[in-house]
Amino acid sequence: MLTIDMLRTFGADVDAGLERCLNDEEFYLDLIPSALDESYYRTIENSIKSKDFRSAFDAAHALKGLLSNLALDPIFEPVDEMTEALRGWQDIDYRPYLTAMWEQRNRLLDMMG
């Protein structure tokens with residue numbers, strides 16, 4: 001079961017996330033799984049692979065907002081950097097961003113058990 005202490009250990013700015021959730025710890029914790037929904041991550045990755053940078057940007061931007069609101073900084077940071085690169089629909093090597101995004105997402109999932 002996910003706890004506030006686990007999120008702190010992960011590197012989340014829990015105080016900021018809780019503040020955005022009106023300091024309702026249960027509500028905050030209930031929202032965390034939505035930010036880990038694999039469909040966001042797969043859409044970003046698949047869109048980049050197919051060079052559909054518009055779709056990749058849209059998915060990354062939506063995920064970035066969710067991660068920001070929940071203050072899941074370790075996942076937010078690579079998604080934020082990737083979103084900014086995608087904003088210009090740049091055809092660059094996105095693998096470092098994708099790798100970091102997946103690693104941090106999976107690290108949190110592993111912590112959750």
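1. Q104 and its surroundings. In this predicted model, Q104 is in contact with F10, P74 and I75, its neighbours within four places in sequence being left aside. Q104 itself belongs to helix α7. Its side chain also makes a polar contact, at 2.9 Å, with the side chain of R107.

2. The nonpolar core. The largest nonpolar core of the model comprises 37 residues, and within this core L7 and Y28 have the most contacts. At least two core residues come from each of the helices α1 (4-10), α2 (14-20), α3 (25-35), α4 (38-49), α5 (53-70), α6 (73-87) and α7 (95-112). Helix α5 gives the most, with 8 residues.

3. The partners of L7. Which residues does L7 contact, leaving aside its neighbours within four places in sequence? They are L2, A12, V14, Y28, L29, I32, L72 and L108.

4. The buried residues reported for α3 are Y28, L29, I32 and A35. Viewed down the helix axis, the buried residues of α3 fall within an arc of 105°, so they line one face of the helix. The buried residues pack against α1, α2, α4, α5 and α7.

5. The start of helix α3. Which atom does a side-chain oxygen of D24 approach at the start of α3? That oxygen reaches to within 3.2 Å of the backbone nitrogen of E26.

6. A59 in helix α5. The student may next consider A59, which lies in α5. Is A59 buried or exposed? A59 has a relative accessible area of 11%, and because buried means under 20%, this residue counts as buried. Leaving aside neighbours within four places in sequence, A59 is in contact with Y40, T43 and I44. A59 and E45 are separated by 14 residues in sequence, and their C-alpha atoms lie 9.6 Å apart in space.

7. The salt bridge of R8 and D15. The model has a count of 9 salt bridges. One of them joins R8 to D15, with the closest N and O atoms 3.3 Å apart. R8 is partly exposed, at 41% relative accessible area, and D15 is likewise partly exposed, at 48%.

8. E84 and R87 form a salt bridge in which the closest N and O atoms are 3.0 Å apart. Both residues lie in α6, and they are 3 residues apart, about one turn of the helix. E84 is partly exposed, with 37% relative accessibility; R87 is also partly exposed, with 43%.

9. The side chains of D93 and R95 meet in a salt bridge, at 2.9 Å from N to O. D93 is partly exposed, at 41% relative accessibility, whereas R95 is exposed, with a relative accessible area of 58%. Elsewhere, salt bridges that share partners join K64, D80, E84 and R87 into one network.

Note on methods: Residues numbered from 1 in each chain as written. Predicted model: local features only at pLDDT ≥ 70, side-chain atom pairs only at ≥ 80, totals over all residues. Heavy atoms only, no water. Core = buried A, V, L, I, M, F, W, Y, C linked by side-chain atoms within 4.5 Å. Buried < 20%, exposed > 50% of the residue type's maximum accessible area, 1.4 Å probe, protein only. Helix = DSSP H or I, 4+ residues; strand = E, 2+ residues; numbered from the N terminus. Contact = heavy atoms within 4.5 Å. Arc of directions from axis to C-beta. Polar contact = N/O pair within 3.5 Å; in protein donor to acceptor, adjacent residues only side chain to side chain. Salt bridge = Lys/Arg side-chain N within 4 Å of Asp/Glu carboxyl O.
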